Amino acid sequence: MTSAVAQGDVPVPRRVRGRRSSLTRSRVRAAWLFIAPSLIILALIAGWPLARTIWFSFTDADLNNLSDYEFIGFENYLANYDGEWLGLLTDPDWWRSVWNTVWFTLVSVSIETVLGIVVALILNAAFPGRGLMRAIILIPWAIPTVVSARMWNWMLHDQFGVINDMLLRLGLIAAPITWTANPDTALWTVVMVDVWKTTPFMALLILAALQMLPGDIYEAARVDGVHPVRVFFRVTLPLIRPALIVAIVFRALDALRVFDLIYVLTANSRDTMSMSVYARQQLVDFQEVGLGSAASTLIFLIIALLVVITLAAGRVRLGEDPR
Amino acid sequence: MKVLSRIGFWLLVIAIGLFALFPFYYAIVSSFRSGAELFSVAYLPERFDLSNYAAVFDRQPFGRNILNSIIVAGAVVAVSLGLGITAAYAFGRIAFRGRALLLMTILAVSMFPQVAVLSGMFELIHSLGLYNTLPGLILANLMLTLPFTIWVLTTFMRELPKEIEEAAFVDGATPWIVVRRVFLPLMAPAAVTTGLLAFIVSWNEFLFALTFTLTNERRTVPPAIALMTGSTAYELPWGTIMAASVIVTLPIIALVLVFQRKIVAGLTAGAVKG
C-alpha cells in the first residue's frame, strides 16, 4: 500500500546547476501552494472535529447547549460514585455493541472474502456475457446502503416478505421467521445484507489482482496435468495474497465503522447495535455529548490501532521485497 | 465430465446474477402494487401502476430531496476535483520534503470513522451557522471524498511519462500553467473516474445528512427514504418506499452501466496499485 509513496521518483529536469536549483525551489514553493487549500480544508473538517470530539469526551457537554460544559476528566469512561462504578466502560450495552461489531466484522468479511474469490475466479474465466456479468455485480455495490437496507427490510418482512414466502414454499421452514426482530437471526440478517452489498467490491479487487498474474505459470501447470484445485491453492492464492490482504483490511475497516445498514435495518435494537450506532444514540438521541464522544473516541482508537498495525506490517513486507 | 462442469459453471453464473439482481427486481415489482395487494407476494409484475410514484412526490418534498442530493453531490465532486487535481500534481510530480508523510496523513483521514468526528463536526457546523443547510452537508461530505480523490489522482499522475512537463518548463511556463494546460487535459479520464466515485459516495452518504439536517425540505435522499413513514408508525407505506428506492437507484445504475470500466479502474487504483 505504501510502496508508491516510499519509492516514487519524481522527474527533476537535468539542466545547468544554478538554473536547476532555482527551478526546483520555485517548483517546491508551487507544490506547497497547491497542497495548502486541501490541507487547510482537511484540517478544518477532519482534524479539528476529531480533536473536539476527543476533548468533549472529557466533558459533561449536552447537545442542547454545546458551549456550556465542564471538564470532568475520565468520568465519561469510568467513574466511581459512592463505591459504584459508572461510565462507558461499565455499560453492558456498550460492550454488547463492541461484541456485535467485532462479530459482524469477522463473519461478514470472512464470507465476503470466500464469495469474492469465487466471483472473481468466475469473472476471470472467458465466457460470453462476462462484461454484462461484471456490470450486474456492480449494481448492489452502487445502490445506496439506506436503499438496500429498506429493500431487504421489505423482502424480509415477517408477514408479507418474499424471503419467508420462498422458504415456506420450498418447505425449508414451517413458520415465517421474524428476521430482524428475533435476537437469534437479527445479526445474521445484517451479515447477509452486507454480504449482498459488498461482495462485489471484494470480487473486483481480487479480479484486478488475478488479471495481473502471468499466464505461463498456468500453461505449465496445465501441461503437467496438475489438478485445478491444487493449482488454485498452490499458485493462485499465494500470488494474489498481497492484494487479498489489502482488500480484507479495507473491508474490515469499513465493517468496523458500520452504521447505515444496521440503523435502517434494525433501528436501535440492542441485538444488532454496532459501536457507531451506540455512539450516535448517546450523542443525538440521549443528547449526551460527553458519553457519546467517549464512545466515538474509543472507536477511533480501535480503528487507528488497526491501521497502524496494518501499515507496520505492510512496511515490513515491502522491506523484504522491494519492488 | 466436461459438459457437467460447463453446466455447473453456468448455474453458478446464473445464481450469482440472480442473487445480485433480485432485490432490485423485487423492489420494482413491489413499487407497482399498492394497498392490500402488498399483503400477498408476487414474483412477476401484474400491472403497470404508477400511483406509488406519484405518491412519493405528493406526500413529501421528494423532488426537493433529490435536488438537494444533486446539489450536494455536484458541489462535493467539483470542490474535490478542483482541490484534488492541484494537490495531486504537487504530490505526484514534485519532490519536496515531507511529501510521503503528508500523503500518508491524508490517507489516514480516509480511514476516519465518520462517527469519530460527529460531535466536533456538529459543533463546527453549528458555529458556522450551517446547521440544517446544504453548504453544511457539502463541507462535511468533503471529509469523505477529498482524501481518496487526492490519493487516486496522485497514483494516476505518477503514471504519466516524465517528459511531459519538461518541454513546458523549458519554455518558461509556471507550474500553474503546466497544471492547467498540460495536466488538466491529460487527467480528464482519471478525473471522470474519481468524480464518479465521489459522486456515488456523496449521493449515498447517510450519517451526516441524518444528523446535520432537521427539516424534511433540507434532507438529501438517504435520510428522506430512511425516515419515510405512513399514517402510523406501524404501517409503513412499502409500495411508496419501494418506488422512492427505484427512483434514486436508477440514475446510479445507469452511471454504473455506462462507466463500468472507469469505476472499476478507480476502485482498484485506490486499493491495489497504491
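This is a predicted model: local features need pLDDT of at least 70, side-chain atom pairs count only at pLDDT 80 or more; totals for chains, interfaces and linings use all residues.
1. The largest nonpolar core runs to 158 residues, and A:Leu205 and A:Ile206 are the ones with the most contacts inside it. The element that gives the most to this core is helix H7 of chain A, residues 183-210, which puts in 16 residues.

2. Have a look around A:Ile206. Setting aside neighbours within four places in sequence, A:Ile206 touches one group made up of A:Gly116, A:Ile117 and A:Ala120, plus another made up of A:Ile240, A:Ala243, A:Leu244 and A:Ala247.

3. On to the fold of chain A: you'll find 12 helices and two strands. Along the principal axes, its C-alpha atoms fill a box of roughly 75 × 70 × 35 Å.

4. Of the contacts in chain A between residues at least 6 apart in sequence, 67% join residues at least 24 apart.

5. Now chain B. An unreviewed UniProt entry places "transmembrane region" features at residues 7-28, 66-89, 101-122, 134-153, 182-203 and 236-259 of this chain. In the model, residues 7-28 of chain B are 100% helix, with end C-alpha atoms 30 Å apart. Residues 182-203 of chain B come out at 95% helix and 0% strand, and their end C-alpha atoms lie 31 Å apart.

Key
Residues are numbered from 1 along each chain as its sequence is written. Chains are lettered from A and ligands numbered from 1 in the order in which they are written. Helices (H or I, at least four residues) and strands (E, at least two) are DSSP runs, numbered from the N terminus. Two residues are in contact if their C-beta atoms, placed from the backbone, lie within 7 Å. A nonpolar core is a set of buried Ala, Val, Leu, Ile, Met, Phe, Trp, Tyr and Cys residues joined through C-beta atoms within 7 Å. A residue is buried if 20 or more other C-beta atoms lie within 10 Å of its own, exposed if 12 or fewer, and partly exposed in between; C-beta atoms are placed from the backbone. UniProt positions are given in the numbering used here, feature names are shortened, and annotations may be inferred rather than shown by experiment.
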